[in-house]
Amino acid sequence: MAEGQTGSTVPRRQLGRNLRELRNRARLTVRAAAKKLEWSEAKMWRIETGQTALRSLDVQAMCLVYGAPPDLTEALMGLAKETKARGWWHAYGDSIPEGFDVYVGLEEAAESLSMYESDLIPGQLQTEGYAREIIRTHIRGIGDAELDGRVRLRMERQSLLTRATDPLVLRAVLSETVLRRPLGGREVMAQQLAHLIYVAKLPNISIRVVPFEAGAHSGVVTGPFLILRFPLTGDGVATEPPTVYADGYTGGLYLDKEREVQQYDAAFDDIWKASLGEQASLRLISEVAGSYENG
């Protein structure tokens with residue numbers, strides 16, 4: 001099938017991952033589930049690995065067998081409708097209830113992230129105070145309970161960087177603008193930059209800064225983005241294809257065609273070369289942090 005017809009595999013992979021988790025929670029083997037659904041085991045494998053699109057009615061039948069709650073069933077049925085789209089343009093398709101975050105599932109499955117940020121500290125590196133300010137600004141009129149829940153989720157996601165087994169490998173390049181934009185006030189920014197310096201000491205985290213004097217580089221054209229890569233099988237094959245994600249005001253853009261990923265790989269390499277080395281970057285972060293503390 002031609003590339004233009006296949007579209008993105010992101011929604012299929014996300015749907016398969018959730019259905020596999022539901023089956024495991026129901027303590028059903030692939031064989032047992034296939035028997036209940038009157039399907040072949042091969043079909044079950046194709047569904048759970050995101051190899052095939054799925055009708056929403058089939059998803060409903062699987063959720064019924066697995067004992068999924070109604071809200072999750074609704075979300076997965078909506079996601080099934082998106083698997084037939086040529087492109088996967090938004091984190092929340094029109095038919096997917098808000099709160100069902102496709103990106104979070106991909107991030108949990110990833111082995112490494114390479115990212116560029118031009119305006120904000122990445123969510124994976126934010127302090128609670130900084131995250132609270134960003135979320136409050138993004139969602140005008142948000143209630144305290146929802147705000148607390150979103151901040152808590154963002155903080156919980158960061159545990160991927162410090163888990164005992166195979167912590168997520170993170171390479172982050174920040175524009176100097178990110179450091180000097182005083183979101184939340186001086187105290188919040190001083191704490192945020194001190195946190196960057198702290199986490200940069202972890203062996204799986206590399207943080208670099210592109211200084212103003214670097215001039216033109218690929219990030220000026222691409223804007224913020226990140227590239228997710230996934231673990232390899234015993235045969236050295238990636239469990240899932242690399243995926244580019246770019247967050248937007250109304251949703252996120254997902255790209256996973258080989259040509260698209262290669263373009264963003266090249267862009268990241270160019271931005272990385274334009275950035276300061278890690279020690280020089282930490283000195284700049286420390287200098288700007290000092291200006292917030294003493295200003």
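**Pocket and helix packing**

Modeller: Helix α2 (residues 10-25) gives the most to the lining of the second largest pocket, with 4 residues. Keep in mind that this is a predicted model.

Biologist: What is the volume of the second largest pocket?

Modeller: The second largest pocket has about 280 Å³.

Biologist: And how many residues line that pocket, and which lie nearest its centre?

Modeller: There are 14 lining residues, and R13, T49, Q51, T239 and E240 lie nearest the centre of the second largest pocket.

Biologist: How does the lining divide into nonpolar, polar and charged?

Modeller: The lining of the second largest pocket has 6 charged, 5 polar and 3 nonpolar residues.

Biologist: Back to α2. At what angle do α2 and α6 pack?

Modeller: Helix α6 covers residues 70-82, and α2 packs with α6 at an angle of about 150°, the axes being 9 Å apart. Angles over 145 degrees count as roughly antiparallel, so α2 is roughly antiparallel to α6.

Biologist: Is that crossing left-handed or right-handed?

Modeller: The crossing of α2 and α6 is left-handed.

Biologist: Which residues make the contact?

Modeller: On α2 they are P11, Q14, L15, N18, L19 and L22, and on α6 they are L72, L76, L79, A80 and E82. By class, the contact of α2 with α6 divides into 8 nonpolar, 2 polar and 1 charged.

Biologist: What about α2 and α7, what is the angle there?

Modeller: Helix α7 (residues 102-109) packs with α2 at about 75°, and their axes are 10 Å apart. The range for roughly perpendicular is 65 to 115 degrees, so α2 is roughly perpendicular to α7.

Biologist: Which residues of α2 meet α7?

Modeller: V10, R13, Q14 and R17 of α2 do, and in α7 they meet V102, G105, L106 and A109. The contact of α2 with α7 has 4 nonpolar, 2 polar and 2 charged residues.

Biologist: One more pair. How do the axes of α5 and α6 cross?

Modeller: Helix α5 (residues 56-66) and α6 have axes that come within 8 Å and cross at roughly 150°. That makes α5 roughly antiparallel to α6.

Biologist: Left-handed or right-handed for α5 passing α6?

Modeller: α5 passes α6 in a right-handed crossing.

Biologist: And which residues are in that contact?

Modeller: S56, V59, Q60 and C63 belong to α5, while T73, L76, M77, A80 and K81 belong to α6. This contact of α5 with α6 has 5 nonpolar, 3 polar and 1 charged residues.

Notes. Residues are numbered from 1 along each chain as its sequence is written. This is a predicted model: local features need pLDDT of at least 70, side-chain atom pairs count only at pLDDT 80 or more; totals for chains, interfaces and linings use all residues. Side-chain values use heavy atoms; hydrogens and water are left out. On a 1 Å grid over the protein atoms alone, a cavity is a set of points where a 1.4 Å probe fits but cannot get out, and a pocket is an open set with protein on both sides within 12 Å along at least five of seven lines; lining residues have an atom within 4 Å of a point. Grid points are joined across faces, edges and corners, and a volume is the space filled by probe spheres set on the points. Helices (H or I, at least four residues) and strands (E, at least two) are DSSP runs, numbered from the N terminus. Ala, Val, Leu, Ile, Met, Phe, Trp, Tyr, Cys and Pro count as nonpolar, Asp, Glu, Lys and Arg as charged, and the others, Gly among them, as polar. Axes are lines fitted to C-alpha atoms, for helices over the stretch in contact, and angles run from 0 to 180 degrees between N-to-C directions. Angles under 35 degrees count as roughly parallel, over 145 as roughly antiparallel, 65 to 115 as roughly perpendicular and the rest as oblique. A crossing is left-handed if the near helix is turned anticlockwise from the far one by less than a right angle, and right-handed if clockwise. Contact means heavy atoms within 4.5 Å.
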